[in-house]
Amino acid sequence: MDRPPPINLNRIAQELRLSKLQIGNTLGLLDAGNTVPFITRYRKEVTGNLDEEKIREIQSRTAYLRQLADRKMTILRTLKAQGKLTKQLNSQIEQANTAKRLEDLYLPYKPKKLTLATTAKKNGFETLANQVWDMETTVSDLEQTASQYVQNLHRRFSIEEVLVGVGHILAERISELPEIRDILRTLLWKLGSLVTSRADIPEKEGADYQDYFDYSESLTSIP
């Protein structure tokens, strides 16, 4: 049987405001297969008189952190095999403290389904997209640069097609930046709303839900 991934007991102790000894002892009992009710009733001297609620908190938080640690190892192995694991990326992954942050970091390297950006890359627009991304002086006049770029492509594209394709590549790249995703996620929860409206149904149907035929509520106020 594989050992569970190592976790930081000090971190859990600080989060739950318990001692490291209580966390370690309780975790040892749980890992040995003891149930929460059994530990609560018969192992008080080991856990320091923790009640069932605290023991379940330890159980839940530990499970989450172990899953996170396991996912980190999987992602690190995948990136290493792809030859894309840099020291900076390795450090960022190791320090990720939530599953969302971890998946945001992995997103740019994750195998993708066919998107408008991947189609644009296949059409050969990525070089120009990189020049725009790096703000090279050679692309100060984008339309002129694109017109010269079109002449070097194997297939014939219009300037507009090239610029739209470049836009798709840049949009996908921006959407995959962890910093941008963090900002947007925070803004969404602060400023977003849940909005519902009446579907195209017969007049007398859905009467039980008429309060939500034209309804809006801020995400911050939803129970």
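User: Where is Glu 172 found, and why is Glu 172 called buried?

Analyst: The model shown is predicted. Glu 172 is found in helix H11, which covers residues 159–175. Buried means under 20% relative accessible area. Glu 172 has a relative accessible area of 14%, and therefore it is called buried.

User: Which residues is Glu 172 in contact with, leaving aside its neighbours within four places in sequence?

Analyst: With those neighbours left aside, Glu 172 is in contact with Lys 112, Thr 115, Ala 117 and Lys 121. The word contact is applied where heavy atoms lie within 4.5 Å.

User: How do you know that the span of helix H5 agrees with its number of residues?

Analyst: Helix H5 has 31 residues, 52–82, and at 1.5 Å a residue these should span 45 Å. Just after H5, Gly 83 takes a positive phi of about 75°.

User: Which residues of H5 are buried, and what covers them?

Analyst: The buried residues of H5 include Ile 55, Ile 58, Leu 65, Leu 68, Leu 76 and Leu 79. Arg 66 and Lys 72 also belong to this buried set. Their cover includes helices H1 (9–16), H2 (20–31) and H3 (36–42), together with helices H6 (87–95) and H7 (99–106).

User: How many aromatic pairs does a search of the whole structure find?

Analyst: The search finds three aromatic pairs. One of them is formed by Phe 38 and Tyr 42, with 5.3 Å from centre to centre and 45° between the planes.

User: What makes the pair of Phe 38 and Tyr 42 tilted?

Analyst: Planes under 30 degrees apart count as stacked, over 60 as edge-to-face and the rest as tilted. The planes of Phe 38 and Tyr 42 stand at 45°, and the pair is tilted. Both residues lie in helix H3, four residues apart, which is about one turn of the helix.

User: Why are Phe 38 and Tyr 42 called partly exposed?

Analyst: Partly exposed lies between the limits of 20% for buried and 50% for exposed. Phe 38 has 28% relative accessibility, and so it counts as partly exposed. Tyr 42 has a relative accessible area of 45% and therefore receives this label.

User: What makes the pair of Tyr 212 and Tyr 215 edge-to-face?

Analyst: The planes of Tyr 212 and Tyr 215 are 70° apart, and their centres are 4.9 Å apart. An angle over 60 degrees counts as edge-to-face. Tyr 212, at 45% relative accessible area, is partly exposed, and Tyr 215, at 25%, is partly exposed.

User: How do you know that the charged end of Arg 173 sits over the ring of Trp 133?

Analyst: For an Arg, CZ must be within 6 Å of the ring centre and within 35 degrees of the ring normal. The charged end of Arg 173 is 5.1 Å from the centre of the Trp 133 ring, and it sits over that ring. Arg 198 lies over the face of Phe 213, at 5.3 Å from the ring centre.

User: What radius of gyration does the protein have, and what would a compact globule of 223 residues have?

Analyst: The protein has a radius of gyration of 26 Å, whereas a compact globule of 223 residues would be near 17 Å. Its C-alpha trace spans about 80 × 60 × 30 Å along the principal axes. Buried residues make up 26% of the 223 residues. The secondary structure comes to twelve helices and two strands.

Note on methods: Residues are numbered from 1 along each chain as its sequence is written. This is a predicted model: local features need pLDDT of at least 70, side-chain atom pairs count only at pLDDT 80 or more; totals for chains, interfaces and linings use all residues. Side-chain values use heavy atoms; hydrogens and water are left out. The expected span of a helix is 1.5 Å times one less than its number of residues. Buried means under 20% relative accessible area, exposed over 50%, partly exposed in between (1.4 Å probe, protein chains only). Rings of Phe, Tyr and Trp (its six-membered ring) pair if their centres lie within 6.5 Å; planes under 30 degrees apart count as stacked, over 60 as edge-to-face and the rest as tilted. The radius of gyration is taken over C-alpha atoms; the globule rule is 2.2 Å times the number of residues to the power 0.38.
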